[in-house]
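Colleague: Hi! Could you walk me through this model before I set anything up?

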Amino acid sequence: MAELILCFIVGAAIGAIYFAGLWETVRKLSDTKTPVRRVVLSYALRMILLISGFYLVMQGEWERLVAAMIGLILVREVMVRKLGHASNRFIGGIANGNRGH
């Protein structure tokens, strides 16, 4: 059980780094001359982190992978709730989303 908790914590840490990198990429897109390069490089680096981190955590056991993924998803939910509404103001949407109404 302690091993799965550790995998959960590592998954949450990977998620925090992954989504913080995504947030920084999106925030700095308007400041760069080559936004496509920034997006592609950010995506590649974040995927390398994600896949290699999960591979190392998993060690051939699917239960460990599931625990790490739950940590990642939990961090995503926390970041969306914390940053999601503020980001809508910057992008031009409204607090509850823009559904064309």
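Colleague: Great. What is the mean pLDDT of the protein chain?

Modeller: This is a predicted model, and the mean pLDDT of the protein chain is 87. In total, 83% of its residues reach 70 or more.

Colleague: And where is confidence lowest, and where highest?

Modeller: Helix 3 (residues 62–91) has the lowest confidence, with a mean of 84, while helix 2 (residues 35–58) has the highest, at 96.

Colleague: Noted. How many helices and strands are there?

Modeller: Three helices and zero strands, so to speak an α-α-α run from the N terminus on, by the definition of helices as DSSP runs. Contacts between residues 24 or more positions apart make up 68% of those with a separation of 6 or more.

Colleague: What share of the residues counts as buried?

Modeller: Of the 101 residues, 21% count as buried. The accessible surface of the chain is about 7,600 Å², and 68% of that belongs to carbon and sulfur atoms.

Colleague: Which residues make up the largest nonpolar core?

Modeller: That core has 10 residues: Cys7, Ile14, Tyr18, Phe19, Leu50, Phe54, Val57, Ala67, Ala68 and Leu72. Helix 1, helix 2 and helix 3 each give two or more residues to this core, and helix 1 gives the most, with four.

Colleague: What does Leu72 touch, leaving aside its neighbours within four places in sequence?

Modeller: Leu72 is in contact with Gly11, Ala12, Ile14, Gly15, Phe19, Leu50 and Phe54.

Colleague: Switching to charges: how many salt bridges do you count?

Modeller: Four. One of them pairs the side chains of Arg64 and Glu3, at 3.4 Å from N to O. Arg64 lies in helix 3 and Glu3 in helix 1, so this pair ties together parts that are 61 residues apart in sequence.

Colleague: Is Arg64 buried or exposed?

Modeller: Arg64 counts as buried because its relative accessibility is 13%, under the 20% cut-off.

Colleague: How accessible are Arg27 and Lys28?

Modeller: Arg27 is partly exposed, with a relative accessible area of 47%, and Lys28 is partly exposed as well, at 35%.

Colleague: Which residues form the nonpolar patch on the surface?

Modeller: Met1, Leu4, Ile5 and Ile9, with about 420 Å² of accessible area together. Ile5 sits in helix 1 (residues 2–27) and is partly exposed, at 46%.

Colleague: Which residue has a positive phi without being glycine?

Modeller: Gln59 has a phi near 50°. Gln59 lies in the loop between helix 2 and helix 3 and counts as exposed because its relative accessibility is 57%, with the cut-off being over 50%.

Colleague: Last one: where is Ser42, and what does Ser42 touch?

Modeller: Ser42 is in helix 2 and is buried, at 11% relative accessibility. Not counting residues up to four places away in sequence, Ser42 touches Gly21 and Thr25.

Note on methods. Residues numbered from 1 in each chain as written. Predicted model: local features only at pLDDT ≥ 70, side-chain atom pairs only at ≥ 80, totals over all residues. Heavy atoms only, no water. pLDDT = per-residue confidence, 0-100. Buried < 20%, exposed > 50% of the residue type's maximum accessible area, 1.4 Å probe, protein only. Contact = heavy atoms within 4.5 Å. Areas by Shrake-Rupley, 256 points an atom, 1.4 Å probe, with all protein chains shown as cover. Patch = residues over 30% accessible without salt bridge, like charges linked within 9 Å, V, L, I, M, F, W, Y side chains within 5 Å. Core = buried A, V, L, I, M, F, W, Y, C linked by side-chain atoms within 4.5 Å.
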